[in-house]
Amino acid sequence: MSAPVGRRVVLGVLALGAAGVAFGARIQSGLDNVLATVSSKDPTGLTGLLPGGGGFRFYSVASSIPHRSDTDYRLTVDGLVDRPATYTLADLKAMQQTRLVKDVQCVTGWRVPNTEFSGVLVRQLLDLAGVQAKGKAIKLTCFDGVYTESLTLDEARRGDVLVAYQMNGSPVTTAHGGPVRLYVAPMYFYKSAKWLSGITVTDQVEPGYWENYGYDVEAWVGRSNGRNDAPTSG
């Protein structure tokens, strides 16, 4: 395990991050991955207070930020399906694309309005796989080796639940969970798993990482976790 970064380094990165916010999106984009990496090793918690590009905060439950190149990336769809499959990023980009522009709401309180995500509807992948009759939910796994999430099958088939590879018109960065992440527009952002690597159809909902620490499994914005935020999707 890597050693935690020191306070001086953290403060230096905070200053750099602030400069990115002040001087433009291109600089901020280049700093996002640095900030995310330092945040994962920050014992002070200070980096979690700094907005990343567009007002996002960076969170990771792993000890380091995982990386996959566009060519190395793979997404597996398996479990209670008739046709298990593994997709490359190129495979996903060749499918019908859906674009969503919705607010992002974190359960900790911050909100980023009018955020664009583009990619493939989860229901497209489920239809291609052929979900078996006993399939009732999906389990999402991530290539950080730690994070998991889940949705009921009905939730996963919504028209605002994406396997996303673009964000605000650009590829999803490593810091934001790229090259491919989940995006669940109507739910708190912890449901939108970063670094998505697997969709497994299961016979029941399996609570995800944060839900094992008390977060609601049914994480509808404004109707869960004791919060009353405005909805982010219909």
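Here, a residue counts as buried under 20% relative accessible area, as exposed over 50%, and as partly exposed in between. All the views below come from a predicted model.

View 1. Y209 comes out at 19%, and that makes Y209 buried. The two rings pair up edge-to-face, with 5.2 Å from centre to centre and 90° between the planes. Searching the whole structure turns up 11 aromatic pairs.

**View 2. W110 meets F189.** How do these two rings, W110 and F189, sit against each other? Their centres are 6.4 Å apart and their planes make 80°, so this is an edge-to-face pair. The pair bridges distant parts of the chain, since 79 residues separate the partners. W110 belongs to the loop between β3 (98–105) and β4 (111–121), while F189 belongs to the loop between β9 (181–184) and β10 (196–202). Both W110 and F189 are buried.

**View 3. The largest nonpolar core.** This core has 42 residues, and the members touching the most others are L92, L125, I138, V163, L182 and I199. Which elements give two or more residues to it? On the helix side there are α3 (89–93), α4 (122–129) and α5 (153–156). On the strand side there are β1 (74–79), β5 (137–142), β7 (161–167), β9 and β10. The top contributor is α4, with four residues.

View 4. Leaving out residues up to four places away in sequence, V163 touches L75, L92, S118, G119, V120, V122, L125, V180, R181, L196 and I199. Another core, of 15 residues, lies apart from the largest one, and its members include V104, C106, W110 and L162.

**View 5. S118, tucked into β4.** S118 sits in strand β4. Is S118 buried or exposed? Its relative accessible area is 1%, so S118 is buried. Skipping residues up to four places away in sequence, the contacts of S118 are Q97, T98, R99, L162, V163, A164, Y165 and Q166.

**View 6. A five-stranded open sheet.** Read across, the strand order is β2-β1-β10-β5-β6, and the pairing is mixed. The edges belong to β2 (85–88) and β6 (148–152); each has a single partner strand, so one side of each has no neighbour in the sheet. Ignoring direction, neighbouring strands here are turned by 15° against each other on average. Further in, β5 and β10 run antiparallel and are joined by six bridges. One spot to look for is K139, which stands opposite T200 in β10.

**View 7. Stepping back to the whole chain.** The protein chain has five helices and 10 strands. Of its 234 residues, 49% are buried. Among contacts with a separation of 6 or more, 66% are between residues 24 or more positions apart. The accessible surface comes to about 10,700 Å², and carbon and sulfur atoms account for 52% of that.

Definitions and conventions
Residues numbered from 1 in each chain as written. Predicted model: local features only at pLDDT ≥ 70, side-chain atom pairs only at ≥ 80, totals over all residues. Heavy atoms only, no water. Phe/Tyr/Trp six-rings, centres within 6.5 Å; stacked < 30°, edge-to-face > 60°. Buried < 20%, exposed > 50% of the residue type's maximum accessible area, 1.4 Å probe, protein only. Core = buried A, V, L, I, M, F, W, Y, C linked by side-chain atoms within 4.5 Å. Contact = heavy atoms within 4.5 Å. Areas by Shrake-Rupley, 256 points an atom, 1.4 Å probe, with all protein chains shown as cover. Pairing = 2+ DSSP bridges. Axes fitted to C-alpha atoms, helices over the stretch in contact; angles between N-to-C directions.
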